[in-house]
Amino acid sequence: MFTYEKAAAYIEEIPKFTTKNKLEHTRKCLDMLGSPDKNRKIIHVAGTNGKGSVCAFLSTMLEEGGYRCGLFTSPHLMKINERFQINEQMVSDEKFLEAFLKVKELSDRLVEQGDYHPTYFEFLFLMGMLIFEDEDVDIVVLETGLGGRLDATNSILNPLACVITSISLDHVEYLGDTIDKIAGEKAGIIKKGVPVIFDANNETAAAVIRSRAEELGCPAHEVRAESQKLLSYTPKGIGFTFDSAVYGTTELFVPFIAKYQMMNASLAVETMGVLRENHGIGKETLKKGLEHTKWQGRMETILPGVIVDGAHNEDGVAQFVETVRHFQEEFSITLLFATVSDKDYEDMIRRVCSGLRFANVVTTEIWGSRKQSSEELAELFRANGCSSVMAVPDSGEAFEKAYTLKGDGLMFVVGSLYLAGEIKDYVRRRMND
């Protein structure tokens, strides 16, 4: 008899006994489950950076407009249910288990027939589509996992729109070692005649996406950084104007402190503009949706002056440095840092230290087999010019130490999404005690 806990544990074990499947396999699984995607309106989002934020903006704007919106996203920070949200609320353990049992039954049947077991991500995607069908959501915002062309989510047939966020080098062992190769993988989500809204700031990537859209007869809507103008920039968020091809020059506010969120919000607003005949939501309502958006672990303020960021690849670290550099002129900066052992943390620390100055650095450790020694991390910070550095292995104790050192300044928690999850969970429990 499966409980929620056993179901979650089973899913985490899946990578040990399966291999990557073809899209035809995922499509077959969907059809065997009754094609739960076929009657859903779906916005499909791919990209290297920012796709989760764009999905969050879209979901909140739709909710603000009165729609019941399903959001499928990854990874989760604290609990696997986070991957399935309806109007910003993750699904219950009961709903999770109900969907799990249906996909597990299908998996057992396929294995008995000598077929493949669904992969970890495929299994979750199938669960998500069942949940959204059962909950009868109006629209699904669907984030790709890895890449696009071969991603399990690309088994859907007829999305309302395809959105492609910024593209940079990441997962090169799977997606290719050049921007145009990676852009080709992301552009693989484009479907014949379906409008495409994309970040056109990188001309190499834009050319690939533009060409694919033209080949498939898709209306292509390009969004560039010059269409945004910064108005205000404080620890509470960013005010800016966006020159939308649909709505004209519009003043917007996002409750995040990273400048790249101007681009992500603009992509989301332009997508809503392209689809305005589908939803009928007014511009002022869309603006309210942006203002209310929350997105876990991405420059997220969890307490006054405490910001959590899951930056862990080269582009994410560069964006983190750019953001903090703006605030270090006015505030002292305390850093709480941890990472996993299989990341290039030496390069990450070098980049962070070369671009920023910290009043205090506290290194800690993430629970699990991939944890990296906090003392070794502390030594690397010292070697890169930081004077006030201490290692506190327990992440909760490390948070308390860093929070005390913060004083009237700002504290950033960075290095890994796993750290972001641990600290958010700790703060939640701390506030409930």
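This is a predicted model: local features need pLDDT of at least 70, side-chain atom pairs count only at pLDDT 80 or more; totals for chains, interfaces and linings use all residues.
Let me start with the salt bridges, of which the count comes to 25. One of these pairs K95 with D134, and the closest N and O atoms of that pair are 2.4 Å apart. This bridge links distant parts of the chain, since K95 sits in helix α4, residues 93-112, while D134 sits in helix α5, residues 120-134, and the two are 39 residues apart.

In helix α13, which covers residues 345-355, D347 and R351 are four residues apart, about one turn of the helix, and their closest N and O atoms are 2.7 Å apart in a salt bridge. R351 is partly exposed, its relative accessible area being 34%. In helix α16, residues 417-432, D425 and R429 are likewise four residues apart, about one turn, and their side chains meet in a salt bridge at 3.3 Å, N to O. R429 has a relative accessibility of 40% and therefore counts as partly exposed. Turning back to K95 and D134, salt bridges that share partners join them with R68 and E135 into one network.

Finally, the loop residue. S227 is found in the loop between β8, residues 220-223, and β9, residues 228-234. Is S227 buried or exposed? With a relative accessible area of 12%, S227 is buried, because that value falls under 20%. Apart from its neighbours within four places in sequence, S227 is in contact with T241, F242 and D243.

Key. Residues are numbered from 1 along each chain as its sequence is written. Side-chain values use heavy atoms; hydrogens and water are left out. Buried means under 20% relative accessible area, exposed over 50%, partly exposed in between (1.4 Å probe, protein chains only). Contact means heavy atoms within 4.5 Å. A salt bridge is a side-chain nitrogen of Lys or Arg within 4 Å of a carboxyl oxygen of Asp or Glu.
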